[in-house]
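Please read this briefing beside the sequence and the structure.

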Amino acid sequence: MSDEMSSPLLLGAEVPDDPPAMARGQQTVAILGSGDFSRSLAVRLVACGVSVVVGSRCVKRIAPGLFPDAVELSSQEGAVVKAQRLVVLALFPEHYPSLLGIRAALAGKVLVDVSNAMELGSGVSSNAEQLAELFPESVVVKGFNVISAWTLQTGTQDGSRQVLLCSDSVEGKSEVAQLARLMGFHPVDSGDLRQSRVLETMPLRLFPSWRGPLLATFLLFLFFYAYGFLRDLLLPYLAHGRDGFHRLALALPNESLPNVALVALALVYLPGLLAAWLQLWRGTKYQRFPRWLDGWLLRRKQLGLLGFLCAALHAVYSLCLPLRTATRHRLINAAYSQVKAGVEEPWDESGVWRSDLYLSCGVLALGILSLLAITSLPTVGNVLTWREFTFVQANSRNTQTHT
Ligand SMILES: NC(=O)C1=CN([C@@H]2O[C@H](COP(=O)(O)OP(=O)(O)OC[C@H]3O[C@@H](n4cnc5c(N)ncnc54)[C@H](OP(=O)(O)O)[C@@H]3O)[C@@H](O)[C@H]2O)C=CC1
Ligand SMILES: [Fe+3]
């Protein structure tokens, strides 16, 4: 399985709602550590009606009022003993070994590891795997690490609602999933504990799925810009001494952008066709696609959105064309030449039609591309049925191709 395919978001399936669901207030959750994450989680859990006991190395050091009154403060061991099953470790992983003293109390408990990796590709095994090695008698579930303390406290409206969970224990995972659901999050099953390696580095990755599409869009733009420069500016200058270099800033980018948008759109639909062709050629759909095709398929949405950005920029640039000094100059010049030549009515019927049709098609194409872009956003896509979604996507594609 490629790295991309092992990405938890892809593997992820909603964790099934296991009966009996955790009833409010029935269970006590322990949180070890009294830092930012602990406080935010405690506030949220209490607001959701779960009883919380915070375990600290030194309860006296906790400032009064830091935690809600409903939260019980205790020693680390006292908190673990009070917890029925779930113990959230709101500590940094380097402090996990300090819990070895309360190993017996932690046995049989579900330890929720919320930590993140310090750097990308730092080690072979993850914090969660090391925790599982330290406490073999406990169940380790990785989760909540991609949720910030801020999101926990402000509720789920401001951040992602997905909580990615992984563990070798299905039962432990489903218990944590119930807690996540109770807090208004969407638990997503990301697989076994090995997946924690991916999960822990997720907050460190900066737009990982956008890097390739951004590079492709930039290179395409560079290609069309360089081609336009050679064909429309440099060659006419060298051959006839015609100076059109003022077009570098606005006209040339404007001519390059729709080309990039069209190629990006083609790149969105091409991998699907290649994948279908490959499946027909192999005679089976139960075989993995090559890594490059896999990656390409996964980045179609980003490519499409970047194509949409180029088309939108083209529209704005085009609206700016009449504002240019060069356009004004050419207009006045044409009028002057016309007066000089004694032409009274230069109405060019086919020219007028062509320009109107051209603009109308452009507006239509941008409108349909906008529809395509908007429906590809998860929040909008979620309210469409699968049939509605494919209807919009397929029809927009056909209309785009024709315009
Ligand atoms: N803050 C955030 O937004 C997020 C944090 N996380 C993860 O949550 C974990 C905790 O982060 P955060 O709450 O911000 O960190 P803080 O520094 O605010 O809190 C860490 C807590 O660890 C406890 N602790 C236990 N043993 C030790 C020790 N030996 N030395 C020092 N402290 C110890 C301390 O509590 P006490 O003194 O009471 O024992 C301390 O308050 C980290 O692994 C982080 O990666 C994950 C996602 C988001
Ligand atoms: Fe155009």
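Gly191 sits in the loop that joins strand E9 (186–189) to helix H8 (196–201), where helices (H or I, at least four residues) and strands (E, at least two) are DSSP runs numbered from the N terminus. With 20 other C-beta atoms within 10 Å, Gly191 is buried; a residue is called buried if 20 or more other C-beta atoms lie within 10 Å of its own, exposed if 12 or fewer, and partly exposed in between, with C-beta atoms placed from the backbone. Leu165 is 26 residues from Gly191 in sequence, and the two are 7.5 Å apart in space, C-alpha to C-alpha.

This is a predicted model, in which local features need pLDDT of at least 70 and side-chain atom pairs count only at pLDDT 80 or more, while totals for chains, interfaces and linings use all residues. Residues are numbered from 1 along each chain as its sequence is written, and chains are lettered from A and ligands numbered from 1 in the order in which they are written.

**The chain as a whole**
- The protein chain has 16 helices and nine strands, and of its 403 residues 31% count as buried.
- Among contacts between residues at least 6 apart in sequence, 74% join residues at least 24 apart, a contact being a pair of residues whose C-beta atoms, placed from the backbone, lie within 7 Å.

**Nonpolar cores**
- The largest nonpolar core has 54 residues, of which Val29, Ile31, Val87, Val88 and Val112 touch the most other members; such a core is a set of buried Ala, Val, Leu, Ile, Met, Phe, Trp, Tyr and Cys residues joined through C-beta atoms within 7 Å.
- Apart from that core lies another, of 18 residues, including Val260, Leu306, Cys310 and Ala365.
- When neighbours within four places in sequence are left aside, Val87 is in contact with Ala30, Leu32, Val80, Leu106, Lys109, Val110, Leu111 and Val112.

**Around ligand 1**
- Ligand 1 is surrounded by 20 residues, and the closest are Ser34, Gly35, Phe37, Ser56 and Ser115; a residue is near a molecule if its C-beta atom, placed from the backbone, lies within 6 Å of it.
- Helix H2 (residues 36–47) gives the largest share of this shell, three residues.
- By class, the shell holds seven nonpolar, eleven polar and two charged residues, where Ala, Val, Leu, Ile, Met, Phe, Trp, Tyr, Cys and Pro count as nonpolar, Asp, Glu, Lys and Arg as charged, and the others, Gly among them, as polar.

- An unreviewed UniProt entry places the feature "transmembrane region" at residues 212–230, 260–281, 302–324 and 357–377; positions are given in the numbering used here, feature names are shortened, and annotations may be inferred rather than shown by experiment.
- Over residues 302–324 the chain is 83% helix and 0% strand, with end C-alpha atoms 33 Å apart, whereas residues 357–377 are 90% helix and 0% strand, with end C-alpha atoms 31 Å apart.
- Buried residues in H12 include Leu303, Leu306, Phe308, Cys310 and His314, and what covers the buried residues of H12 includes helix H9 (211–240), helix H10 (251–282) and H14.
- Helix H14 (residues 349–375) has 27 residues and reaches 39 Å from its first C-alpha to its last, close to the 39 Å expected, and Ala365, Leu366, Leu369 and Leu372 are buried in it.

**Other single residues**
- Phe144 is found in the loop between strand E7 (139–142) and helix H6 (149–154), and its phi is near 65°, a positive value in a residue other than glycine.
- Phe144 is buried, with 28 other C-beta atoms within 10 Å.
- Tyr237 lies in helix H9 and is partly exposed, with 13 other C-beta atoms within 10 Å; not counting residues up to four places away in sequence, Tyr237 touches Arg242 and Asp243.

Definitions and conventions. Expected span 1.5 Å × (residues − 1). Contact = placed C-beta atoms within 7 Å.
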